[in-house]
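Subject: Structure for your review

Hello,

Here is the structure you asked for, with the sequence alongside. My notes follow below, grouped by region.

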Amino acid sequence: MFVARLVDVPSSSPCNRSSPRRHLLELLRRWMNSADVEALLQEALRGALELIPQADAGSVLVRDQAGYRYAGLAGFEGVRFSLEQAMAGYGGSMEEALQAHARVYRMEQRSSGPQQLDTPMADLHWRLVVPIPFEGRVEALLNLDRSSSEPFSPEARELAEELGKNLEVALSSLRDRERLRQRLQREEALSRVLASLAGFTDAEALWASLPQLVADFMPVALASALRREGEALRVVSSLRSEPPVGYLLPRGKGISWQALQKRRVLFAPCSDPAAHRLEVPRPERYYAAFVPLFDPQGEPLGVLAFHNEHPFAADDEALLRALAQGVGNALSKLEAQSRELVRLGTLAQATRALGPARSAEEVYRRTVEEALRQTRAVSAILSRLNLGESSLEVVAAAGLGAERAVGLRFYHGQGVAWEVYRNRAPLFIPDISQIATAQFASGKRSAGAYLGVPLSDPEGQFIGVLSVDTAGGDPHRVGRLGPGDRYILEALAEVAGVAISRLSALEQSQRQAADYRSLVQMSAEIELMSHPHDIARRALETLLELTGFEAGGLFQLEVDQSGEGSLIPVVGVGQYPERYLSLYRTSPIRLGRGVLGKALLEGTLVIPDYQTWPHAPSEYRSSGIRSVMAVRLTQGDRSVGVLALGTFTQPRMVSQEHLALLVSVARRLERALERAVHLEEITRTREAALRALGLGLELRDLETKGHTDRVVALSVALGERLGFADLEGLRLGAYLHDLGKLAVPDEVLQKNSPLSTGEWRVMKTHPEIGYEMLRELSFLPEVALNVVRYHHERSDGSGYPLGLRGEEIPLEARIFAVVDIYDALSHARPYKPAWPLHAVRRELESQAGKTLDAEVVRAFIDLLAQPA
């Protein structure tokens, strides 16, 4: 047995060793190509024995999780050492080791000690130890042993120290390559997962697949998807039986909720007491990641939670954020589609059910009946707001306990319906029995889910609350309320709000026929207006007519360079005193100053007589203002202006009805402002979606790149040249013309040889399939549908699917047919080369009056002849 005894050998001045140094550089070049750490260290041992011929044997130790182990030996059996043992054998400080400071030992034959080595070599006398540092720790130790009684030379020691520094460089390079390779692998996996999201057509299917998508992205032991349902997170899918699907995680419990609240990815060991581990076996072995999911508007959708046996890498957070964004966008899109489909169906059913109602009371009754019929609830309630007494009164109920519910009044703060009123937003509670403020018509607290939505009129004025619940029902038979029920209830509330508003307006018109005619005329006119100033001017004219006020104005909040905001008149209607409006420039109205400034703070302000109002600025009081009512305009959480009416000759009584009219117009203006801001974004989003669909079909059909964009642009240009009226419909039809090919099998669609009779019969079905897929979409005009259905019809009757002739074919389809054929001939496809332009023109001219419309072909040839 041998153990090292430390003997410091002093260094001497470097001598001329150009050959060893060239050898060292050659070794470094070899090491830089090593496949992994093991190979690097083994190659380093061999190279060290070549470089320092004074060494007769050697070994190399590498650090792992349990300590240090031999990675390469020259004459030794493998032995494992702890860090303390390895450093004791080194004999120097950690600081020296991290500086690659080499030390020399005299080997003595002993039978015990921390550095025992089983070896057949019995005559080792000296050891040269070369520490290899990496990122603040000793990653490996290279030992060179000498059997001669003479110690290693100073030159050998200097070479060894340079060897250690070069190994540090090689090891760092290798680690960097490994990290880069691992990151690239994860990024490639992420790209595949994100690409797969486009293949989902149903939000529920995507939720169910999320744990497996996570497993495809990175190795995980457990994974689950938790969907936000009101004040709880529900496990909707899992890789294993734990956590169980359906498990509810209440608000604030576990790190999943922390991730949602902090809006970022959180990592934690599963042994963390804050981690809600469910049934994770041996939590001390696992590390968890919690990835919050949000829609593009920042609304929380849920959390992805998964566990791994190894800590997550430092750069995993950025990849997980990208995953979360992609999943959130996909879920938002799918749920929006699902919501719209449910909404359209509910609107149709609700309109049929509520349309025949002749009174508000009948609308209430029919609404709760429909809510009970279309959802999975056991009871439905409609509560109407009574502002005078600050109460919500149950005016209609259906289902369990309905007879006891009607007539109940819940005053401000009593019951969860007031939360719906306060937030003006849907409220879902997984278990209503856990809410202390909940009120039960039966008087008995029962477990069950609650879902309430605000009931508003078309102007956004709150009417009441429509709610459904499963409290008191058989838990084994009652279905769970889900997102679909919310969509149904919101659509039903929308129709009910319209119906109630219609009936209320009818009753008011019977009492005030003249006022009603004025309001109807105003509403009809401003519905056709898009600019907020036009809407404000027309609405103010009607308000002056109905209220008897003398002047009205729209005042816009503008912020100057100093950051201060002031109100500027942008629309003025009626009779103002001379130079009155110019006062706003010489005496700016700022937040909290005057009627308008205080309206910005308080929302609504009525001043019966401005001359006696203590807060009136003197310069405005001297202008003769008497009665004023003003309403703040907001955009989200931001105040944008004030809408106001006033008199100058005498005070005027301000009725609640008049104030309600002003508030109603203000809400309409706010929506007009929102519409102006979002209209461009909506148009751009729809354009992008249709283009993406066209490009997707283009790729699947092996179309040449750019086919979709080219036929859209050419169709619109040709339509303009022919004076075609509905260019928008033509453009939409061009985007969607081959939608029906989604139903054509790949082996037919992508076949690069002639189709058989059966295959050609299948191919000919795609125009009708595309038409059937699109015909129920109300926003698509008939022109677009005609392009999809008839673009393969030919003037001589040889086309499909109906074999139409001449002018039986709609003009829009004849226009697109010319463009489609031109693009197909002039660009290469997998089964043919591109035709020269002159050959394409000759072919089009030869088909003019035969298969193609002659006038359309002439117009297209002229269009091509125009300079670009």
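**What was found**

The protein has 27 helices and 25 strands. Please keep in mind that the model is predicted. Of its 868 residues, 48% count as buried. Among the contacts in the protein with a separation of 6 or more, 59% are between residues 24 or more positions apart.

**Around β13**

Eight of its nine residues are buried, so β13 is largely enclosed by the rest of the structure. β13 runs antiparallel to β8, joined by six bridges, and antiparallel to β12, joined by eight bridges. Ala305 in β13 is the bridge partner of Ser224, and Leu304 in β13 is the bridge partner of Val291. β12 and β13 form a hairpin with five residues between them, and Gly298 in that turn has a positive phi of about 90°.

Helix α7 (residues 255-262) packs against this region. Its buried residues are in contact with β8 (222-229), β9 (232-238), β10 (248-250), β11 (266-269), β12 (287-294) and β13 (300-308). Ile255, Ser256, Trp257, Ala259 and Leu260 are buried in α7. The residue that follows α7 is Arg263, in the loop between α7 and β11. Arg263 has a positive phi of about 60° although it is not a glycine. With a relative accessibility of 47%, Arg263 counts as partly exposed.

**The six-stranded sheet**

Six strands form an open, antiparallel sheet in the order β16-β15-β14-β19-β18-β17. At its edges are β16 (409-411) and β17 (427-429), each of which pairs on one side only. Neighbouring strands of the sheet are turned by 20° against each other on average, direction ignored. Within the sheet, β18 (residues 450-456) and β19 (residues 462-469) pair in the antiparallel sense over seven bridges. Tyr450 stands opposite Asp469 in β19.

Helix α9 (residues 360-374) lies across β14 (379-386), β15 (391-399) and β19, and runs at about 145° to β14.

The relative accessible area of Arg424 is 44%, so Arg424 is partly exposed.

**The α19 and α20 pair**

Helix α19 (residues 707-722) has 16 residues and reaches 22 Å from its first C-alpha to its last, close to the 22 Å expected at 1.5 Å a residue. The axes of α19 and α20 (residues 727-736) come within 9 Å and cross at roughly 155°. That angle is over 145 degrees, so α19 is roughly antiparallel to α20. The crossing is right-handed.

Which residues of α19 meet α20? They are Thr708, Val711, Val712, Ser715, Val716, Gly719 and Glu720, and on the α20 side the residues are Leu727, Leu730, Arg731, Ala734 and Tyr735. The buried residues of α19 are His707, Thr708, Val711, Val712, Leu714, Ser715, Val716, Leu718 and Gly719. After α19 comes Gly723, with a positive phi near 75°.

**Single residues**

Three further positions may be worth a look in the viewer.

- Ser587 lies in the loop between α15 (583-586) and β22 (589-590). Its relative accessible area is 16%, so Ser587 is buried. Leaving aside neighbours within four places in sequence, Ser587 is in contact with Arg593, Glu619 and Tyr620.
- Glu490 is in helix α12 (residues 483-511). Glu490 is partly exposed, with a relative accessible area of 25%.
- Pro801 is in the loop between α24 (782-790) and α25 (811-826). The peptide bond from Tyr800 to Pro801 is cis, with omega near 15°.

Regards

Definitions and conventions:
Residues numbered from 1 in each chain as written. Predicted model: local features only at pLDDT ≥ 70, side-chain atom pairs only at ≥ 80, totals over all residues. Heavy atoms only, no water. Helix = DSSP H or I, 4+ residues; strand = E, 2+ residues; numbered from the N terminus. Expected span 1.5 Å × (residues − 1). Buried < 20%, exposed > 50% of the residue type's maximum accessible area, 1.4 Å probe, protein only. Contact = heavy atoms within 4.5 Å. Pairing = 2+ DSSP bridges. Axes fitted to C-alpha atoms, helices over the stretch in contact; angles between N-to-C directions. Parallel < 35°, antiparallel > 145°, perpendicular 65-115°, else oblique. Left-handed = near helix turned anticlockwise from the far one by under 90°.
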